[in-house]
Amino acid sequence: MTRLTFALAASTLALAAAAPALAEDLRIFGWAGEMPDEVLQDFEAETGIAVTFDTFDSNESLIAKLDAGGSGYDLVNPSQYAVQILVNRGKLAELDHSRIETYDKIGPSFTQVSYDPGNKYSIPYVWGTTGLAYNKTCVDAPITGWKALFDEKYKGRVYMLDNMLAAYIAGLQVNGFDANTTDPAEIEKATETLIAQKPMLAGYNSTNFADLVSSGEACIVESWSSSVLQAIQDNPDVVYVLPEEGGTMWIDGYSILTDAPNPDAAYRFLSYILRPEVAAKTTELTQTATVVTESKALLPDALAKNPAVFPAESTIANADFILDLGDAMKLYQDGWTRVKAAQ
Amino acid sequence: MISDGGCVVATRPPQDQGFPMQDQPTSPPAVDLRGVTKRFGAVTAVDRLDLTIRSGEFFTMLGASGCGKTTTLRLIAGFDMPSEGQILISGRDVSEVPAYQRPVHTVFQSYALFPHMTILDNVAFPLKVRRLTRAEQRDRAMAALDMVQMGGLADRRPAQLSGGQQQRAALARALVNEPAVLLLDEPLGALDLKLRKEMQHELKEMQRRLGITFVFVTHDQEEALTLSDRIALMQGGRIIQLDTPAGLYDAPKTLYAASFIGETNLIPGRVIGRDGGAGLVEALGRTRRIAGLGAPAGSAVTLALRPERIRRDPEGDGPEGRLTGIDFIGTDLRLTYALADGTAVVVREQNRGAAIPGIGEATRLCHDDGDLHIFTT
Amino acid sequence: MRSARARPGWFTRVFVHGVSGWVTLLTYLFMLVPIVILVAFAFNAGKSTVVWTGFSLGWFEKVWHNRNIARALHVSLVVALGSAALSTAIGALAAVAITRREFPGRDLLGAALAAPLVLPEIVLGVGLLVFMSFAGVPLGYGSMIVGHVLVSIPFATLIVRAAAASLDVRLEDAAADLGANEWQTFRLVTLPQLMPAIATAFLLSATLSFDNLVMSTFTSGVGTTTLPLRIYSMLKLGITPEINALGALMVVANVAILLLVMGRYLPLMLKPNRR
């Protein structure tokens with residue numbers, strides 16, 4: 001008994017102590033799959049800074065963790081509306097662009113984003129769009145807009161993203177409203193549209209919808225651009241479109257926390273990842289576009305010319321960002337509850 | 001208060017029991033209970049008990065279940081604390097002393113052997129908790145096991161032993177530390193009859209050899225009579241008679257004692273008149289003068305008469321009885337007779353090979369007056 | 001002699017012999033089929049978890065070489081072992097105290113230890129996170145182990161309590177009678193008999209901790225992302241067979257623990273064995 005206890009205690013300690021100890025540490029809290037491990041290892045090799053990269057599953061988890069205070073991270077990886085929320089709560093440090101050697105590599109369309117003009121608090125890094133994907137074999141004509149998701153013709157073969165803001169993008173834009181509206185009447189109308197759509201849906205799905213559309217089980221799905229890339233490469237019948245009503249764009253950027261233990265390392269990391277060759281490596285390994293325009297030239301054509309990775313400039317200009325909706329968020333949440341509860 | 005029943009044990013010299021004892025001509029009693037009461041809520045299990053158990057005697061507390069005998073044993077062991085009164089062991093007041101510091105060990109009815117230990121470890125347990133050296137633990141435990149002829153089973157587990165073997169192991173464990181007093185709580189209750197007889201004999205033998213005071217609890221009157229130097233017959237938390245086995249059997253002081261111990265014919269009778277200090281009782285077809293019987297004329301009495309003290313004698317002067325039942329026991333014959341008034345009387349006699357009488361046969365049933373005990377009801 | 005067995009009544013025929021068998025079968029199918037599919041697609045050559053494109057061990061290889069998963073596994077193991085040890089120790093002592101001793105607040109302690117069972121884990125998690133930040137305790141192994149102890153302690157306590165309640169009190173009387181003080185009685189008599197239950201409680205606590213997601217979400221800190229947290233965050237990219245492979249490995253690990261508990265440990269502890 002005593003020996004067993006001792007052995008357990010000893011092995012626990014041994015495991016806990018086995019973490020590597022490098023001279024300097026950088027702690028990042030980010031999305032899984034948007035920062036390749038190879039990039040982190042290259043950075044560690046070049047700088048001698050040990051990187052701890054923890055992952056979260058949603059912006060809300062990130063915000064909750066930071067709200068509690070004393071998270072201990074240097075860099076975080078919020079999406080655009082989460083940047084706004086965190087700035088309002090004083091969690092993000094104002095950036096000194098002069099300390100980011102490669103700041104000028106950021107493409108011009110990403111330096112004046114609406115949620116953080118002038119990149120005061122966040123450096124945009126990877127981006128993508130929310131649109132729709134469909135399987136050519138089950139439609140008569142190319143799909144161009146959200147209205148196809150509401151077309152009775154496809155009853156039982158349509159999936160929506162299981163995500164409140166993503167669902168409302170379609171619900172609002174199909175009615176001709178702004179995806180970031182705070183008008184209660186417009187939100188109400190979108191809610192009704194989504195409830196009316198529910199009987200014809202196969203379901204809400206934000207995990208394997210790409211497989212479903214590729215196999216033909218689903219005809220049209222609401223989709224994040226990055227999620228269907230593999231399906232497009234595997235199956236030429238799968239098409240991704242940014243809808244004519246607009247669609248939305250998302251950006252996951254990096255911000256330094258006000259209580260970051262090691263902001264110097266954070267600046268060095270930002271300088272590193274904005275290098276065109278590093279950005280290209282990121283795009284290649286994660287199949288997600290970065291804001292570094294020059295990196296596009298370093299990519300294979302399959303990626304550089306893929307509209308799901310790099311949509312046409314004209315369609316991007318049309319897309320909304322999902323922003324922090326402030327108090328109107330309550331209206332969305334109430335509406336979403338009704339949508340999910342509806343039969 | 002203790003009447004000496006001519007007990008042979010009291011004269012035995014005190015033994016060295018590894019416990020402080022006064023070096024006086026008369027050693028203090030092994031156990032002394034003074035006004036001990038134990039209440040569980042509203043129930044009084046033991047009621048103002050005064051009891052002195054002599055050093056080196058085989059003492060039995062006998063009674064039906066619920067009479068307070070086991071509670072008294074638990075009070076002596078220290079598992080329960082008395083509500084009132086004092087408990088002395090070898091002259092030392094242990095009323096407030098926890099069980100593990102008392103110089104007594106118990107043999108439980110359930111044996112209470114530790115299932116996760118070998119028999120050897122079980123027996124060595126009292127030595128282990130006293131931090132004896134391993135070698136000493138082993139030697140003494142083996143000696144104790146050899147004493148109960150269990151040396152060969154030292155490496156077994158309790159579950160691998162028969163009931164009798166477990167009983168011996170439990171006994172060895174309780175004796176290994178040479179306690180001043182050994183408490184035995186119906187230790188033979190779970191054994192079959194043959195084994196029980198064997199163990200009774202061994203227990204008695206062992207007690208005689210070791211000279212340790214045994215305090216034995218049982219509901220089996222035959223066992224109590226066989227083993228004990230003295231018996232306390234208990235009822236309702238009190239001792240109703242404290243006597244030697246012979247005294248208890250031959251001179252029961254109450255009707256309860258007469259009927260609880262051994263087989264007894266209980267024959268109804270009636271006081272028909274008085275003659276000075278004596279009562280005139282009509283029973284068994286005869287009027288008898290019973291000296292010292294204070295009951296008024298007309299009251300009912302019960303006569304107790306042991307079956308083996310009745311003689312069949314066709315020529316005798318006793319009442320006539322007609323044979324209604326025969327139990328052939330082997331060593332004994334148990335004959336049931338019906339008297340003229342319908343009273344059933346059992347007669348017991350040794351089987352000497354004589355012809356067994358037939359059902360319906362009549363004879364006269366005789367007894368000596370000294371064997372008749374009369375109790376007012 | 002032939003035993004004259006009456007023909008069962010309609011209730012027995014319909015429900016006991018008929019329906020219950022089918023219900024059981026369907027329940028097992030319902031439970032096991034998803035797991036079988038999950039494991040099967042871990043061997044898929046392609047990236048799909050719906051379309052079978054061929055057999056491959058590639059995803060297991062990918063899992064094996066994934067540095068993040070190795071780290072997460074390491075974190076999960078530390079937290080599982082640490083929290084299970086604490087939870088079992090506290091649970092066992094509390095269980096013995098509750099079943100064996102009379103003391104003021106005994107019922108309250110029993111209820112308090114069972115409370116996490118009925119409180120939503122998310123509430124416990126939020127509460128603990130707020131408390132930790134209020135107390136200025138940095139999040140990490142410590143906070144996560146405390147959180148997991150909260151989750152597993154009702155189970156550890158219940159298991160040991162059940163065992164302690166069925167122990168023969170007379171054995172403790174016997175130990176005291178033979179001269180053992182309370183500590184010796186506990187160490188030499190009570191504890192060894194509780195060991196099978198304690199071992200079970202430990203393994204169950206470790207499994208609960210290893211599989212925990214909600215409490216980990218709130219209490220993890222820098223560098224302490226557990227395996228379930230890592231898997232959950234990987235879901236943003238959709239379900240790939242890499243997750244299936246990881247899931248398959250976790251299923252195997254959990255089944256192994258289960259077999260250890262059921263098939264090996266208990267009989268070993270119950271059977272007479274020798275040091």
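## Arrangement of the chains

Chain A and chain B do not touch, and their nearest C-alpha atoms are 14 Å apart. Here two residues are in contact if their C-beta atoms, placed from the backbone, lie within 7 Å. Of the 2 pairs of chains that touch, chains A and C have the most contacts.

This is a predicted model, in which local features need pLDDT of at least 70 and side-chain atom pairs count only at pLDDT 80 or more, while totals for chains, interfaces and linings use all residues. Residues are numbered from 1 along each chain as its sequence is written, and chains are lettered from A and ligands numbered from 1 in the order in which they are written.

## Where chain C meets chain A

The contact between these chains takes 37 residues from chain C and 37 residues from chain A. On the side of chain C that touches chain A, at least two residues each are supplied by helix 3 (67-100), helix 5 (121-135), helix 8 and helix 10 (227-234) of chain C. Helix 3 of chain C gives the largest share of that side, 8 residues. Helices (H or I, at least four residues) and strands (E, at least two) are DSSP runs, numbered from the N terminus.

By class, the side of chain C that touches chain A has 19 nonpolar, 14 polar and 4 charged residues. In this classification Ala, Val, Leu, Ile, Met, Phe, Trp, Tyr, Cys and Pro count as nonpolar, Asp, Glu, Lys and Arg as charged, and the others, Gly among them, as polar.

## Where chain C meets chain B

Here 15 residues of chain C are in contact with 20 residues of chain B. Helix 7 (169-177) and helix 8 (182-211) of chain C each supply at least two residues of the side of chain C that touches chain B. The largest share of this side, 6 residues, comes from helix 7 of chain C. Its classes are 8 nonpolar, 4 polar and 3 charged residues.

## The fold of chain A

Chain A contains 13 helices and 11 strands. Along its principal axes, the C-alpha trace of chain A spans about 65 × 60 × 40 Å. A compact globule with 343 residues would have a radius of gyration near 20 Å, and the 22 Å of chain A agrees with this. The radius of gyration is taken over C-alpha atoms, and the globule rule is 2.2 Å times the number of residues to the power 0.38.

Of the 343 residues of chain A, 48% count as buried. A residue is buried if 20 or more other C-beta atoms, placed from the backbone, lie within 10 Å of its own, exposed if 12 or fewer, and partly exposed in between. Among contacts in chain A with a separation of 6 or more, 74% are between residues 24 or more positions apart.

## A buried leucine in a loop

A:Leu149 is found in the loop between strand 4 (123-135) and strand 5 (158-160) of chain A. A:Leu149 is buried because 24 other C-beta atoms lie within 10 Å. Leaving aside neighbours within four places in sequence, A:Leu149 is in contact with residues including A:Leu132, A:Val158 and A:Ile220.

## A sheet in chain B

Chain B has an open sheet of 5 strands in the order 13-12-11-14-20, with antiparallel pairing. Strand 13 (286-291) and strand 20 (373-376) of chain B stand at the edges with a single partner strand each, so one side of each is left without a neighbour in the sheet. Two strands pair if DSSP finds at least two bridges between them.

Strand 11 (residues 265-275) and strand 12 (residues 278-283) of chain B pair in the antiparallel sense over 5 bridges. B:Arg270 stands opposite B:Glu282 in strand 12 of chain B.
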